[in-house]
Amino acid sequence: TLHDFYMARQDSLMTEELTYGDFRIEGGRTHAEEHPMLPDEVQVVTGVPSTALGMAVGMGEVYGVAATEIFSVPADAERSYISKDQKEVDKILDSKHRLDHPDLVRGKNVVATDDSLIKSSTIVRINRMLREAGAASIHNRIVVPKVIKPCELGVYMEEPRLAAIALDGDDYRVRENEEIAQLVGADSIEYTSIEGIEKLYD
């Protein structure tokens, strides 16, 4: 699932019926159906470019708010997950995302979606830019379920740095959503259920 949402090529056929783009839009729809929001809770729906833009479209359809591209990234931007060095990751991310339309979020309730939340480096920066632009509230919506164990199939992860877990004595525990929201600077955060993701492959 993480590979399909985070690293698949844009010309991929994800299932017998869903292309790369359709798969992301359907993932956004599925998430929004699982986590409904009232009309006055959602005034702006946007995705972290570029992998979450399709998901924002799907969410926007369910929430009744057309998705808006308010962030941009340089065409030659590196993928930060490739680096194992956190300083290098921070350097890439500091120059990667730009908020092009701060006027569109000022005083608004914003749903900002991303495909996954691993270490939180990206979403923390996205939320900070939204806060600085004057967003009234920020609601992060993550399409991939909580990542609570390192993946050995292409994404470098260190267990202590995963945003969804916390050290508890000699072991780790899975953080509650409220705790994660506070960690990343959001008013709320929700993840798609494993059952919801499984339906995409049916």
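Modeller: A patch is made of residues with over 30% relative accessible area and no salt bridge, with like charges joined within 9 Å. A salt bridge is a side-chain nitrogen of Lys or Arg within 4 Å of a carboxyl oxygen of Asp or Glu. The model is predicted, with local features needing pLDDT of at least 70 and side-chain atom pairs 80 or more, while totals for chains, interfaces and linings use all residues. Residues are numbered from 1 along each chain as its sequence is written, and side-chain values use heavy atoms, without hydrogens and water.

Biologist: Which residues gather in a patch of negative charge on the surface?

Modeller: Glu33, Glu34, Glu195, Glu198 and Asp202. Asp and Glu count as negative, and the place of a charge is taken as CG of Asp or CD of Glu. The elements that give two or more residues to this patch are α2 and α7; helices are DSSP runs of H or I of at least four residues, and strands are E runs of at least two, numbered from the N terminus.

Biologist: Why is glutamate 198 called partly exposed?

Modeller: Buried means under 20% relative accessible area, exposed over 50%, and partly exposed in between, with a 1.4 Å probe and protein chains only. Glutamate 198, in helix α7, has 48% relative accessibility, so it counts as partly exposed.

Biologist: What makes phenylalanine 23 and tyrosine 201 an edge-to-face pair?

Modeller: Rings of Phe, Tyr and Trp (its six-membered ring) pair if their centres lie within 6.5 Å; planes under 30 degrees apart count as stacked, over 60 as edge-to-face and the rest as tilted. Here the centres are 5.5 Å apart and the planes at 65 degrees, so the pair is edge-to-face. A search of the whole structure finds 1 aromatic pair.

Biologist: What parts does the pair tie together?

Modeller: Phenylalanine 23 is in helix α2 (residues 20–34) and tyrosine 201 in the segment after α7 (194–200), so the parts joined are 178 residues apart in sequence.

Biologist: Is phenylalanine 23 buried or exposed?

Modeller: Its relative accessibility is 0%, so phenylalanine 23 counts as buried. Tyrosine 201 has 34%, so it is partly exposed.

Biologist: How do you know that serine 120 is buried?

Modeller: Its relative accessible area is 13%, so serine 120 is buried. Serine 120 sits in the loop between β4 (109–114) and α5 (121–132). Its phi is positive, about 85 degrees, although it is not a glycine. Most residues other than glycine have a negative phi.

Definitions and conventions:
Patch = residues over 30% accessible without salt bridge, like charges linked within 9 Å, V, L, I, M, F, W, Y side chains within 5 Å. Areas by Shrake-Rupley, 256 points an atom, 1.4 Å probe, with all protein chains shown as cover.
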